[in-house]
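Hi everyone, thanks for making the time this morning.

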Amino acid sequence: MRKYRKREHIENYLRTTYVGNPMFEDVFLYHNALPDIDFDEIDTSTIFLDKKISFPLLINAITGGNSFSEEINNSLAEIAKTFNIPMAVGSQTIALEDKDTIGSFQCARKIIGDGILLGNINGHTSLEDAKRAVDMIEADGMQIHLNPAQELSMEEGDRTFKDVLLNIEKIVNGLEVPVIVKEVGFGISKDVAKKLYSIGVKNIDISGFGGTNFLEIENLRTPDEDISELFGWGIPSAMSLIEVKALEYEDLTIIGSGGIKNALDLVKCIVIGASIGAISGELLSYLVHGGYEYAHQYIENIVYKSKMIMLLTGAKNIEELQNVNYRVTGKLRELVDYDK
Ligand code: FNR
């Protein structure tokens with residue numbers, strides 16, 4: 001069942017037509033007419049999970065579990081290695097149950113070498129299985145996804161959401177690698193961020209609304225049970241980022257994802273609060289529609305244009321980019337609550 005679902009997720013993701021809004025357009029960055037930097041001086045490297053990466057972008061969790069997934073993971077790992085950026089595999093739940101599928105996850109480690117590779121499990125996974133998932137791919141960190149909206153929209157989905165925080169706490173305390181808690185496209189509110197931080201979570205991927213929409217993906221799998229009125233559900237990525245950043249947890253690494261499509265979205269994510277951004281859907285589209293070269297070129301473009309935008313804001317490195325001044329306009333201004 002899970003094997004087919006993996007493929008259906010990718011196929012149905014590519015069929016989605018609903019266009020959400022992560023609200024990056026309501027973030028205004030000042031133009032700096034006197035940047036006092038040479039283009040070649042721009043340094044996009046940064047530290048993520050104690051390792052140096054060349055660019056602040058994570059290839060976020062997508063897949064694993066069948067031969068089609070293996071092909072995708074191979075290409076994504078190749079891109080991650082080429083650009084020296086981190087990558088996450090998709091949910092390893094299937095591989096914890098069916099050892100025949102393990103190879104479709106391990107292939108990424110073989111290619112990425114000593115680059116950063118993240119595992120992916122759900123909030124109910126036991127500590128023991130979390131350890132197995134780490135060992136399976138020699139993970140540098142473990143993502144735990146929170147996806148109640150997606151589960152509820154699946155006929156066969158989970159209906160039990162109690163004690164997930166307690167379980168995450170056990171994993172955080174028992175695992176030797178850092179834990180990253182993430183959403184899958186509906187956002188992390190500041191109250192949820194506070195709860196996660198209170199149990200020791202030091203990395204949160206807000207994965208907000210505006211990009212991949214699992215309510216629509218699941219709706220396409222079971223069209224007779226229409227849930228289209230809920231397609232607008234979720235916290236826009238820009239709002240989620242600003243509110244979690246406003247909590248001022250100095251040792252919390254915030255990852256910005258959900259609807260990042262281009263360099264300007266990514267740069268804005270970093271200006272408003274993220275240490276690094278992450279992309280799933282848009283990269284997957286490039287890969288499936290145009291193959292490896294097309295996907296490679298897409299990331300190359302993002303790197304080049306991010307440097308352009310950094311120069312135009314007057315930031316010569318990522319630390320300076322995180323301190324660039326910005327304004328919030330339009331609906332985002334109405335929505336954002338800066339209170340702690
Ligand atoms: C995902 N995502 C995801 N997340 C996760 O934690 N485990 C998973 O197995 C998957 N699987 C998956 C499959 C497909 C086809 C897509 C497009 C996405 C969610 C992903 O990591 C990310 O949080 C969201 O997609 C939002 O980012 P984008 O796609 O808008 O850049």
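Predicted model: local features only at pLDDT ≥ 70, side-chain atom pairs only at ≥ 80, totals over all residues.

Let's begin with what UniProt says. An unreviewed entry there lists Arg 5, Lys 6 and Gln 150 under "binding site". These residues span 146 residues in sequence, yet no two of their C-alpha atoms are more than 13.6 Å apart, so they gather at one spot.

Please find helix 1, residues 2-15, where Arg 5 sits. Lys 6 belongs to helix 1 too. Now, is Lys 6 buried or exposed? Lys 6 is buried, because it has 22 other C-beta atoms within 10 Å, and the cut-off for buried is 20 or more. Arg 5 has 16 such atoms within 10 Å and is therefore partly exposed. If you look at what Lys 6 touches, setting aside residues up to four places away in sequence, you'll find Thr 63, Gly 65, Asn 66 and Ser 69.

The unreviewed UniProt entry also has a "binding site" annotation covering Glu 151. You'll find Glu 151 in helix 6, residues 148-153. Glu 151 has 18 other C-beta atoms within 10 Å, so it is partly exposed. Beyond its neighbours within four places in sequence, Glu 151 is in contact with Gly 157 and Asp 158.

On to the ligand. How many residues surround it? There are 27, and the closest are His 145, Gly 211, Thr 212, Ser 280 and Gly 281. By type, the shell around the ligand divides into 17 polar, 8 nonpolar and 2 charged residues. Helix 1 comes back here: along with strand 7 (141-145) and helix 12 (281-313), it supplies at least two residues of that shell each.

A straight helix of 33 residues would span 48 Å at 1.5 Å a residue, but helix 12 spans only 27 Å between its end C-alpha atoms. Look at Gly 290 on your screens: helix 12 bends there by about 140°. Just after helix 12, Gly 314 takes a positive phi of about 85°.

Now put helix 2 beside that. Helix 2 covers residues 67-83, and its 17 residues reach 25 Å from first C-alpha to last, close to the 24 Å expected. Just after helix 2, Asn 84 takes a positive phi of about 50°.

Val 328 is in strand 12, residues 326-328, and with 19 C-beta neighbours inside 10 Å, it counts as partly exposed. Val 328 touches Asp 26, Val 27, Arg 333 and Val 336, again leaving out residues up to four places away in sequence. The C-alpha atoms of Val 328 and Ile 242 are separated by 9.8 Å, although these residues are 86 residues apart along the chain.

Asp 98 lies in the loop between helix 3 (93-97) and helix 4 (103-112). With 12 C-beta neighbours inside 10 Å, Asp 98 counts as exposed. From Asp 98 to Ser 153, it is 55 residues in sequence and 25 Å in space, C-alpha to C-alpha.

Definitions and conventions: Residues numbered from 1 in each chain as written. UniProt positions renumbered as here; feature names shortened; annotations may be inferred. Helix = DSSP H or I, 4+ residues; strand = E, 2+ residues; numbered from the N terminus. Contact = placed C-beta atoms within 7 Å. Near = placed C-beta within 6 Å. Nonpolar A, V, L, I, M, F, W, Y, C, P; charged D, E, K, R; others polar. Expected span 1.5 Å × (residues − 1). Bend = angle between axes of the 7 residues up to and from the residue.
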